[in-house]
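Subject: Structure for your review

Dear colleague,

Please find below the structure that I am handing over to you. I would be grateful if you would read the notes with the structure open beside them.

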Amino acid sequence: HQDHDQSANRRRPLPVGDITARIQSWLDLPHVHVAQPSDAHFARLRTELERLDAAGNLTTDAHLAVLAMERGYVLHSTDTDFGRFPGLRWVNPCDA
């Protein structure tokens with residue numbers, strides 16, 4: 001049995017400045033834009049949450065699903081909860 005310092009194996013998060021610079025570099029690309037919710041977004045979100053009878057962890061999924069449906073986007077995620085949203089065009093990239 002060897003004593004081993006587990007903390008030495010933990011990955012340290014990148015500094016905030018590095019993270020924000022990386023995000024800004026993505027946002028500066030000409031083909032990238034930040035999707036904005038429509039005026040009807042909250043009503044659709046509420047409808048989905050009520051249909052699912054769920055909130056908590058599904059709230060973020062519902063927000064992203066409704067945003068994608070509003071904008072005609074295809075959502076790419078390995079999160080299988082997105083299969084719970086009829087009308088959402090969803091692709092699991094690991095299934096490709």
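Predicted model: local features only at pLDDT ≥ 70, side-chain atom pairs only at ≥ 80, totals over all residues.

Residues are numbered from 1 along each chain as its sequence is written, and side-chain values use heavy atoms, with hydrogens and water left out.

The largest nonpolar core contains 13 residues. Such a core is a set of buried Ala, Val, Leu, Ile, Met, Phe, Trp, Tyr and Cys residues joined through side-chain atoms within 4.5 Å. Among the residues with the most contacts inside it are A62, M69, F85 and L88. Helix 3 (57-71) and helix 2 (41-52) each supply at least two of its residues, and the largest share, six residues, comes from helix 3. Helices are DSSP runs (H or I, at least four residues), numbered from the N terminus.

A62 lies in helix 3. A62 counts as buried because its relative accessibility is 0%; buried means under 20% relative accessible area with a 1.4 Å probe, protein chains only. Leaving aside neighbours within four places in sequence, A62 is in contact (heavy atoms within 4.5 Å) with L45, L49 and F85. The C-alpha atoms of A62 and R44 are separated by 9.3 Å, and these residues are 18 apart along the chain.

Finally, V34 is located in the loop between helix 1 (16-27) and helix 2.

Yours sincerely

Notes
Buried < 20%, exposed > 50% of the residue type's maximum accessible area, 1.4 Å probe, protein only.
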